Amino acid sequence: MAHALRLGRRGDGAVAGRTPPSGCVIVKDGRVVGRGRTQDGGRPHAEVVALAEAGKAAFGATAYVTLEPCAHHGKTPPCAEALVRAGVARVVAPMPDPDTRVAGKGFDRLRKAGIEVTTGVLAEEAARDHAGFVLRVTKGRPMVTLKLASSFDGRIATATGESQWITGPEARRAVHGLRACHDAVMVGAGTARADDPSLTVRGWGDVPQPVRVVVSRLIDVPLMSKLASSAREVPVWVVHGSDAAPTIRKAWDSCGARLVPGTVKGGRIEPETMLARLGEAGLTRVFCEGGGQLAASLLAADLVDELVGFTAGMALGAEGRPGIGAMGVDSLAEAPRFELVEARPVGGDVMHRWRRT
């Protein structure tokens, strides 16, 4: 099962929508005869890939799958039926699929065919791996990872706005790897204006590029920016308010960007509705790279599932720009809490990852 989970993780960032990034390993007589993951774009599913590799050796074998096999007819026939036809003797899965089209039906189909079904194996690990898919199905929103690259005293730029580069090349490469593991990379308008980022994955070979999401109520991001000029090559989605000028909307639409209407509250894009719209559009894992106001709004609304920090051994002082904007926290009990998952050196910096408690 651990092997199957590792395979499934290779699909993070490449599989979105109603198809989870699953893995499957088929074992017979103590040896692996087939393995696979859900392919980029969501088809074919992991079970189909593994069964194709196993061939006739799948008869009487055990299939380890990281999520309940699908039982409905969609763009492809159900995986539960494929396992039945292959003649596997046993299926091991950590958890049921929360999608109402499956939700126990896959296991029922296997049992009715006389296949032994074992569940609960590495269930916690699988739940973490499928967190984005599960959140989208059960709560209608994607999983959110908030990344901050900052000085030791939590600043992301000097008072004059200089930020390139606080962390070293190894940390920046690691960030590109994290981008590749998500369906989308998201920034606020301030970051888009100040840094003119590309938000693409570079240095990791030929990998699927994430959707680039810009949150800007008035869409006040230059049309000469890297994001606008490359919107036809790599998708750009702009979350905007109803008060964004029609001419600006039309201009970004002409650039090839997708316009996503948001709800404005207190002069800013309201984060709950924004994430719901992104979930409706098929995103399951969003990697937020700031800026400070966007980070603060997500944290204040309790919508951040993981924090990833890259901390450099430098101090910029109180005049430096903070990584997170005002959140209105008056007492420690009101502050969102996260549990440390790992901390390790990355080049000359420290990476620390936290998960919501």
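**Entry 1: His45**

I began with His45, which at 13% relative accessibility counts as buried, because the cut-off for that word is under 20% relative accessible area. I kept in mind that this is a predicted model. I then listed its contacts, leaving aside neighbours within four places in sequence, and noted Thr19, Thr38, Cys70, Thr76 and Cys79.

**Entry 2: the annotated site**

I looked up what the record says, and an unreviewed UniProt entry lists His45, Cys70 and Cys79 under "binding site". These residues span 35 residues in sequence, yet no two of their C-alpha atoms are more than 9.3 Å apart, so I wrote down that they gather at one spot.

**Entry 3: Cys70**

Cys70 is buried, its relative accessible area being 9%. Not counting residues up to four places away in sequence, I saw that Cys70 touches His45 and Cys79, and also Pro78, Ala80 and Val102.

**Entry 4: the enclosed space**

How many cavities of 30 Å³ or more are there? I noted one cavity of 30 Å³ or more, and the volume of the largest cavity is about 40 Å³. Its lining is made by Pro21, Asp129, His130, Ala131, Gly132, Phe133, Thr284 and Arg285. Helix H6 (residues 131-139) gives the largest share of that lining, with three residues. Sorting the lining of the largest cavity by class, I recorded three nonpolar, three polar and two charged residues.

**Entry 5: the second largest pocket**

I then moved to the second largest pocket, which holds about 700 Å³ of space. I noted that 25 residues line the second largest pocket, and that Met143, Arg285, Glu306, Arg353 and Arg355 lie nearest its centre. Several elements each supply at least two residues of this lining, among them helix H5 (123-129), helix H7 (169-180) and strand S15 (306-311), while S18 gives the most, with four residues. By class, I recorded 11 nonpolar, two polar and 12 charged residues in the lining of the second largest pocket.

Definitions and conventions
Residues are numbered from 1 along each chain as its sequence is written. This is a predicted model: local features need pLDDT of at least 70, side-chain atom pairs count only at pLDDT 80 or more; totals for chains, interfaces and linings use all residues. Side-chain values use heavy atoms; hydrogens and water are left out. UniProt positions are given in the numbering used here, feature names are shortened, and annotations may be inferred rather than shown by experiment. Buried means under 20% relative accessible area, exposed over 50%, partly exposed in between (1.4 Å probe, protein chains only). Contact means heavy atoms within 4.5 Å. On a 1 Å grid over the protein atoms alone, a cavity is a set of points where a 1.4 Å probe fits but cannot get out, and a pocket is an open set with protein on both sides within 12 Å along at least five of seven lines; lining residues have an atom within 4 Å of a point. Grid points are joined across faces, edges and corners, and a volume is the space filled by probe spheres set on the points. Ala, Val, Leu, Ile, Met, Phe, Trp, Tyr, Cys and Pro count as nonpolar, Asp, Glu, Lys and Arg as charged, and the others, Gly among them, as polar.
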